[in-house]
Amino acid sequence: MLVTVTLNAAIDKTYRLSHFRAGELHRTGDVLSLPGGKGINVARVAKALGQDVVASGFVAGHNGRFIVEGCEREGITSSFIETSGESRLCLAFLDEQEKTVTEVLEQGPAPSEEEISRLQTNLIELADQARYMVFSGSLPGGVPAETYAALIRGVAWKGSACVLDTSGPALLEGLKATPALIKPNRPEAEAILGFPLDSDEARCRAIRELRERGAQRVLLSLGEEGAWFGDGKETWRISAIPLAESEVKNTVGCGDSMLAGVLVGRLRGLAWPDAIWLGMACGAANTRSFGAGMIAPDDVQRLRSQPMHVERVE
């Protein structure tokens, strides 16, 4: 089973606009509201691929009820902890003319120490059935940077492989808990390593340094340049799946979709390069959707059937 943990769950609202200009009045007939946050996006894609998945984390208020009910309508088992306040809204404005996305993200309510303790207890119980437990997204305001590390340490002894997909101080601290896999994108990796990932040598160095800091495996997401993967034994470069410009509608949630595909692939017994190729197909399929973390399984199969370009570099 797959468990996702979203500490800063949200309602994701996506607006499709013919154009987006600061200071102008905009009207749209196309609005999509979904349960969101990176972990929930992972859960949505995994469920679309036929994987049993449980979504956990924090929800609050009326927005929290929308998130829980939306997950359950999609067949995602919910196991959230309720906290005070109101779960956040995250707004995305798709400019069809310029092919850009503008996002406005609320901060979200901060859970108390007692509520974090309740979540830890909940995750320990879920870990009995979870082969992978995914910790994704930003931390709510006021929550200590070491929170992900503490949660990972709290469940790792149960045997679940803990996956961390976050950034900044939360990632730096989380590495200390030796997660089984991290999935930074290029800006996230550059921000904590302090050097540009503009060459093969720099990308190999990045994977080595992130492993030295605690990650057991590193999946470095590079968008149109594909991905790099290293586990201390081998380092692989995987080319991106080519897409026509007309196919790309939305890039929000592509990284989450990719991670979901990788983990579903591993749960199905695929080798890492093949699992990553499935993840790349999911990320590419997400670009064709209106909302974040939405895929059509037929698109995934079509994209996955393209020739895979994998090269071992170390």
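1. An open sheet of 4 strands has the order β3-β2-β6-β7, with mixed pairing; strands are DSSP runs of E of at least two residues, helices runs of H or I of at least four, numbered from the N terminus, and two strands pair if DSSP finds at least two bridges between them. The edge strands, each pairing on one side only, are β3 and β7 (100–105). From one strand to the next the twist averages 20 degrees.

2. The model is predicted: local features need pLDDT of at least 70 and side-chain atom pairs pLDDT 80 or more, whereas totals for chains, interfaces and linings use all residues. Residues are numbered from 1 along each chain as its sequence is written, and side-chain values use heavy atoms, without hydrogens and water.

3. Strands β2 and β6 (residues 88–95) run parallel and are joined by 8 bridges. The bridge partner of L17 in β6 is D95.

4. Helix α1 packs on the sheet and touches β2 and β3 (contact: heavy atoms within 4.5 Å). The direction of α1 makes about 100 degrees with that of β3 (axes are lines fitted to C-alpha atoms, for helices over the stretch in contact; angles run from 0 to 180 degrees between N-to-C directions). Helix α2 (residues 61–73) touches β2, β3 and β6, at about 85 degrees to β3.

5. The whole structure holds 2 cavities of 30 Å³ or more; a cavity is a set of points on a 1 Å grid over the protein atoms alone where a 1.4 Å probe fits but cannot get out, and lining residues have an atom within 4 Å of a point. The largest has about 60 Å³ of space, and its lining includes F58, V59 and A60.

How values were computed. On a 1 Å grid over the protein atoms alone, a cavity is a set of points where a 1.4 Å probe fits but cannot get out, and a pocket is an open set with protein on both sides within 12 Å along at least five of seven lines; lining residues have an atom within 4 Å of a point. Grid points are joined across faces, edges and corners, and a volume is the space filled by probe spheres set on the points.
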